[in-house]
Amino acid sequence: MKRFVGYYNGDWLPMNKIKPDPADRGTVLGDQVTDVERTFNGKSFRMREHIHRLYKSLKYVRIDPGLSEEEMYEVSEEGIKRNQHLRPKTQDINIVHLVSRGSGGIRAWEAGPPNVSIKYSLVAHDRFAPYYLYGIHGVITKTRSHEPTAIDPKVKHLSRLNMSLAELEANDLDPGAWPILTDMNGDITEGSGYNVFIVTNGVIRTSTDRAILAGISRDMVLDLAKQLKVPAFEEDLQPYDLYTANECFFSSTPFSILPVTHVDRRPIGDGNPGPMTKLLLA
């Protein structure tokens, strides 16, 4: 990691030199937005889609990063090139964008200028590789997602204490399990950085974007479903739908798709990664 370089407010610095300002509103209040990308075989995947989503988040929270969307794209790609020689052939690069409102003043309108960082590292394959074979466990937590009327879920922000608490809660019930959150109506929303899908009688189903961050990998799954001519629907899902599904899987940028074989200690289907999940992974 010490050899990787990252972008910070116009400069390229060793990653261990990029540290948050203790007075930054992003550090103090979570007043920042983010996006996460990765490479496949050293090439960025859907980078423009990620950058476009980042800029929609920035527009919504009223932060001007001082770079155009195209400039941010070019800088992001340059960072991949600068770190490419550090990438082993069997691994890939993880990219994280962080844009905060900056420091200064005690109110949001007084803060600035924004701090812009792009961080680079290796994708942590070792953290999730075994789950492709054996599946991961999930837990539907009592800790809920933010209501859309409080914080719009389409903004990829870092006000995520609820997700941290959900992770602890899931681990209490089933050690190592990942959380599945719900909204105030009890409908399934998302996990702590991933979207949730189920498969029922050959039909792919996922939550609507009313109370979730509609992930780029989620879009990729829906695109693949169209290519494969597999029916896929966005709809309200309840715990009942998940418990009685034939398959379940999570989608997110770092791991693409991970099969979920148990939820709340109940087997999903036969308790093994299912054929639809394997097809989509292939």
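By class, four nonpolar, five polar and one charged residues line the second largest cavity of this predicted model. The second largest cavity holds about 30 Å³. The structure also holds twelve salt bridges. Residues are numbered from 1 along each chain as its sequence is written, and side-chain values use heavy atoms, with hydrogens and water left out. Because the model is predicted, local features need pLDDT of at least 70, side-chain atom pairs count only at pLDDT 80 or more, and totals for chains, interfaces and linings use all residues.

**Terms for spaces and elements**

- Rolling a probe the size of a water molecule over the atoms shows where empty space is left.
- On a 1 Å grid over the protein atoms alone, a cavity is a set of points where a 1.4 Å probe fits but cannot get out. A pocket is an open set with protein on both sides within 12 Å along at least five of seven lines. Lining residues have an atom within 4 Å of a point.
- Grid points are joined across faces, edges and corners, and a volume is the space filled by probe spheres set on the points.
- Ala, Val, Leu, Ile, Met, Phe, Trp, Tyr, Cys and Pro count as nonpolar; Asp, Glu, Lys and Arg are charged; the others, Gly among them, are polar.
- Helices (H or I, at least four residues) and strands (E, at least two) are DSSP runs, numbered from the N terminus.

**Cavities**

- The count comes to two cavities of 30 Å³ or more.
- The lining of the second largest cavity is made by Asn246, Glu247, Cys248, Val260, Thr261, Ile268, Asn272, Pro273, Gly274 and Thr277.
- The largest cavity has a volume of about 70 Å³. Among its lining residues are Asp183, Asp187, Arg210 and Asp236. Others include Ile188, Thr189, Ser207 and Leu237.
- Four nonpolar, three polar and four charged residues make up the lining of the largest cavity.

**Pockets**

- The largest pocket takes in about 1100 Å³. Its lining has 46 residues, and Val36, Arg160, Ser192, Gly193 and Ser252 lie nearest its centre.
- That lining of the largest pocket divides into 21 nonpolar, 18 polar and seven charged residues.
- The second largest pocket has a volume of about 340 Å³. It is lined by 19 residues, with Phe40, Phe45, Met220, Leu224 and Ser256 closest to its centre.
- At least two lining residues of the second largest pocket come from each of β3, α6 (216–227), β13 and α8 (275–281). Helix α6 gives the most, with five residues.
- By class, 14 nonpolar, four polar and one charged residues line the second largest pocket.

**Salt bridges**

- A salt bridge is a side-chain nitrogen of Lys or Arg within 4 Å of a carboxyl oxygen of Asp or Glu.
- Asp31 pairs with Arg101 in a salt bridge, with the closest N and O atoms 2.7 Å apart. Asp31 sits in the loop between α1 (25–29) and β3, and Arg101 in the loop between β5 (93–100) and β6 (115–122), so the pair ties together parts 70 residues apart in sequence.
- Both Asp31 and Arg101 are buried (under 20% relative accessible area; exposed is over 50% and partly exposed in between, with a 1.4 Å probe and protein chains only).
- A network of salt bridges links Arg25, Asp31 and Arg101.
- Asp223 and Arg46 form a salt bridge, their closest N and O atoms 2.8 Å apart. Asp223 lies in helix α6 and Arg46 in the loop between β4 (43–44) and α2 (47–61), so this pair ties together parts 177 residues apart in sequence.
- Asp223 is partly exposed, at 27% relative accessible area. Arg46 is partly exposed too, at 21%.
- Lys154 and Asp152 meet in a salt bridge of 3.9 Å, N to O. Lys154 is partly exposed, at 45%.

**Single residues**

- Glu37 belongs to strand β3 (residues 32–40). Glu37 is buried yet has no salt bridge, and the nearest side chain of opposite charge, Arg53, is 6.5 Å away. Here Lys and Arg count as positive and Asp and Glu as negative; His and the chain ends are not counted.
- Ala129 lies in helix α4 (residues 125–134). Ala129 counts as partly exposed, at 36% relative accessibility.
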